[in-house]
Amino acid sequence: MKKAGYLLFIAITMLIVPVKAQNVAVKTNILYDALLNVNAGVEVGLAPRWTAEISADYNSWTLSHDRKWKHWFLQPEVRYWFCERFSGHFVGAHLIGGQYNVGGLKNGINFLGTDFSKLSDRRYQGWFAGAGIAYGYSWILDLHWNVEAEIGLGWTYSRSDVYPCATCGTKLAEGKPHNYVGPTKAAINLIYTF
């Protein structure tokens, strides 16, 4: 009889006491961290299945052998969660924009119509903007910690000045446009929710 009383008390308490879901999450992308990119994001709950996120990425390193990989960008995103926010499957729509100064990176990559091998003996300095869609999944580790995986595809438009080497100042081209279609987001995020 006592057990039934306790169960009834717990059931009534759960109906009366409001339960609050997480409203805010801070995160870092472990993939970007591995590439020595300083990054952080904040995600805010808008409705039971909707959130808005903004993430920022910054890299100011000049690498050895006259290689440059400097950039910054912002990436806001709106997400729809299939179950409840911060848990399970979600889809999102994002924007992206920033600036870059990249060159001297030896490679032979030609991917989806973009010839990245030109970075081997050229430097590109300019800006970019674009949009995309994404899919992801968030695993709850405990009350406050989550791990999330996400992949996004989209389009970016960029304009850049082209230089003959990573440290040269003589321009080969000015304001050269380029359209890119392909991955615009890849993340394995470590998340703390409030």
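**Exercise 1.** In this predicted model, find the ring that the charged end of Arg123 sits over, and give the distance from its centre.

*Solution.* Start at Arg123 and follow the side chain to its charged end, which sits over the ring of Tyr163. The distance to the centre of that ring is 4.0 Å.

**Exercise 2.** Describe the order of helices and strands along the protein chain.

*Solution.* Step 1: count the elements; the protein chain has 2 helices and 10 strands. Step 2: read from the N terminus, which gives the order α-β-α-β-β-β-β-β-β-β-β-β.

**Exercise 3.** List the residues of the largest nonpolar core and decide which element gives the most to this core.

*Solution.* Step 1: the core has 10 residues, namely Tyr32, Phe73, Ile96, Tyr100, Val102, Leu105, Leu119, Tyr124, Phe128 and Val162. Step 3: E5 gives the most, with 3 residues. Step 4: look at one member, Ile96. Leaving aside neighbours within four places in sequence, the contacts of Ile96 include Phe73, Phe128 and Thr184.

**Exercise 4.** Classify the aromatic pair of Tyr100 and Phe128, and state which parts of the chain the pair ties together.

*Solution.* Step 1: the model has 11 aromatic pairs. In the pair of Tyr100 and Phe128, the ring centres are 6.1 Å apart and the planes make an angle of 40 degrees. Step 2: planes under 30 degrees apart count as stacked and those over 60 as edge-to-face, so this pair is tilted. Step 3: Tyr100 is in strand E5 and Phe128 in strand E8, so the pair joins parts that are 28 residues apart in sequence. Step 4: check burial, for which the cut-off is under 20% relative accessible area. Tyr100, at 17%, counts as buried, and so does Phe128, at 14%. Step 5: ring pairs also link Tyr32, Phe73, Tyr100 and Phe128 into a cluster.

**Exercise 5.** Locate Leu36 and Phe86, give the phi of each, and decide whether each is buried or exposed.

*Solution.* Step 1: most residues other than glycine have a negative phi. Step 2: Leu36 is not a glycine, yet has a positive phi of about 65 degrees. Phe86 is not a glycine either, and has a positive phi of about 70 degrees. Step 3: Leu36 is in the loop between helix H2 (30–34) and strand E2 (38–47), whereas Phe86 is in the loop between strand E4 (67–81) and strand E5 (88–103). Step 4: Leu36 has a relative accessible area of 54% and is therefore exposed. Phe86, at 5%, is buried.

Conventions:
Residues numbered from 1 in each chain as written. Predicted model: local features only at pLDDT ≥ 70, side-chain atom pairs only at ≥ 80, totals over all residues. Heavy atoms only, no water. Helix = DSSP H or I, 4+ residues; strand = E, 2+ residues; numbered from the N terminus. Buried < 20%, exposed > 50% of the residue type's maximum accessible area, 1.4 Å probe, protein only. Core = buried A, V, L, I, M, F, W, Y, C linked by side-chain atoms within 4.5 Å. Contact = heavy atoms within 4.5 Å. Phe/Tyr/Trp six-rings, centres within 6.5 Å; stacked < 30°, edge-to-face > 60°. Lys NZ or Arg CZ within 6 Å of the ring centre and 35° of its normal.
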